[in-house]
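Subject: Handover of a structure with its ligand sites

Dear colleague,

Please find the structure below, handed over for your own work. My notes on what was found in it come after the display.

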Amino acid sequence: METTLKTHHRLLLTGAAGGLGTALRERLKGNCEVLRLSDKAGLGDAQAGEEIVLADLANADEVDAMVAGVDAIVHMGGISVEAPFAAILQANIVGAVNLYEAARRHGVKRVVFASSNHVTGFYKQSETIHADHPARPDGFYGLSKAFGEDLARLYFDRHGIETACVRIGSSFPEPRDRRMLATWLSFDDLHRLISACLSTPVLGHSIVFGMSNNAVTWWDNSRARHVGFVAQDSSDVFREAVFARTSTPDLNDPAAVYQGGGFVKAGPF
Ligand code: NAI
Ligand code: 15L
């Protein structure tokens, strides 16, 4: 039987109103005494074991208040798809700087950062990559996550703030297409991965690919064994159904060639 360690007294979850924030809201209560939820969107009333501090990540004062008094941060907030650069700049780049500056001021020493597979979206689906491969972002969104990973490294080297940069694949209730048979991360495995990042004795600055135990994979997590994440779920149980409802990929389509899928041709440029 799995047990979740209560590693922190007060844990902050940003992006709590989003898809993954909603999935993590109940699950993360097992990791802490008090779960502080934040988003710029409404979150309803605080339930038992919760507190709510709304904040726009682009507003440094609001972010400072959001971070004050927490022991660790699970940073899910931000724009989660390709978008015009001006919007990504505010939410993901200025927002990340505001978060790390607040963490430094308030002595927060551990962050789990929701990075993305789109940091390396221009590797091919026929390649296997690991954490030391250079970034190959597939758009402004992936570029902003690459910035977040480098920002986290700067704050580790200068201030000792440990971060797990979790390059989440596709975290949804089920894989939606053939690509997601490789990239799928179940909500329970996402929680297991975050729990491992929060509880491993020495995290440092780590890059971890966030995927379940899928037979088809493009990512090698051998550089992140110290995190101690063991996926329990697999997309394989959905394979037959996904094949039945989707057609054979057109290999002249960049979306079928590159790991980033449709993101490699999405967006305003
Ligand atoms: P989502 O779009 O459903 O949730 C993001 C949340 O961030 C929203 O509730 C939104 O209101 C909030 N947000 C956006 N801009 C903000 C701002 N300026 N200030 C405060 N809050 C703001 O995204 P989802 O799917 O829940 O993803 C969560 C995180 O994980 C995102 O950072 C995303 O980039 C990352 N991720 C998600 C993947 C997935 O498969 N769901 C895959 C890879 C990365
Ligand atoms: C992401 O980074 C997005 O946030 C999510 O909406 C998915 O599209 C995912 O990547 C993916 O690559 O499937």
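The notes that follow take the two ligand sites in turn.

Please keep in mind throughout that this is a predicted model.

Ligand 1

The space taken by ligand 1 is the largest pocket. In total, 26 residues surround this ligand, and the closest are Leu 20, Asp 39, Ser 80, Tyr 141 and Ser 171. By class, the shell around ligand 1 comprises 11 nonpolar, 11 polar and four charged residues.

Three secondary-structure elements each contribute at least two residues to the shell around ligand 1: helix H1 (19–27), strand S5 (110–116) and helix H4 (140–159). The largest share, three residues, is supplied by S5.

The polar contacts to ligand 1 include the following:

- Leu 20 places a backbone N or O atom 2.7 Å from an oxygen atom of ligand 1.
- Asp 39 has a polar side-chain atom 2.6 Å from an oxygen atom of ligand 1.
- Asp 56 has a polar side-chain atom 3.0 Å from a nitrogen atom of ligand 1.

With regard to accessible area, ligand 1 taken alone exposes 820 Å², of which the protein buries 85%.

Ligand 2

Where does ligand 2 sit? Ligand 2 is placed in the largest pocket, and the space taken by ligand 1 is likewise described as the largest pocket.

The residues around ligand 2 are Ser 80, Ser 116, Asn 117, His 118, Tyr 141, Gly 169, Ser 170, Phe 172, Arg 179, Met 180 and Phe 263. This shell divides into four nonpolar, six polar and one charged residue.

- For Ser 116, a polar side-chain atom lies 2.8 Å from an oxygen atom of ligand 2.
- For Asn 117, the corresponding distance to an oxygen atom of ligand 2 is 3.0 Å.
- For His 118, a polar side-chain atom lies 2.7 Å from an oxygen atom of ligand 2.

Ligand 2 taken alone exposes 310 Å², and the protein buries 84% of that area.

With kind regards

Notes: Residues numbered from 1 in each chain as written. Chains lettered and ligands numbered in written order. Predicted model: local features only at pLDDT ≥ 70, side-chain atom pairs only at ≥ 80, totals over all residues. Heavy atoms only, no water. Near = heavy atom within 4 Å. Polar contact = N/O pair within 3.5 Å; in protein donor to acceptor, adjacent residues only side chain to side chain. Areas by Shrake-Rupley, 256 points an atom, 1.4 Å probe, with all protein chains shown as cover. 1 Å grid on protein atoms, 1.4 Å probe; cavity = no way out; pocket = protein on both sides within 12 Å on 5 of 7 lines; lining within 4 Å. Sits in = over half its atoms within 2 Å of the grid points. Nonpolar A, V, L, I, M, F, W, Y, C, P; charged D, E, K, R; others polar. Helix = DSSP H or I, 4+ residues; strand = E, 2+ residues; numbered from the N terminus.
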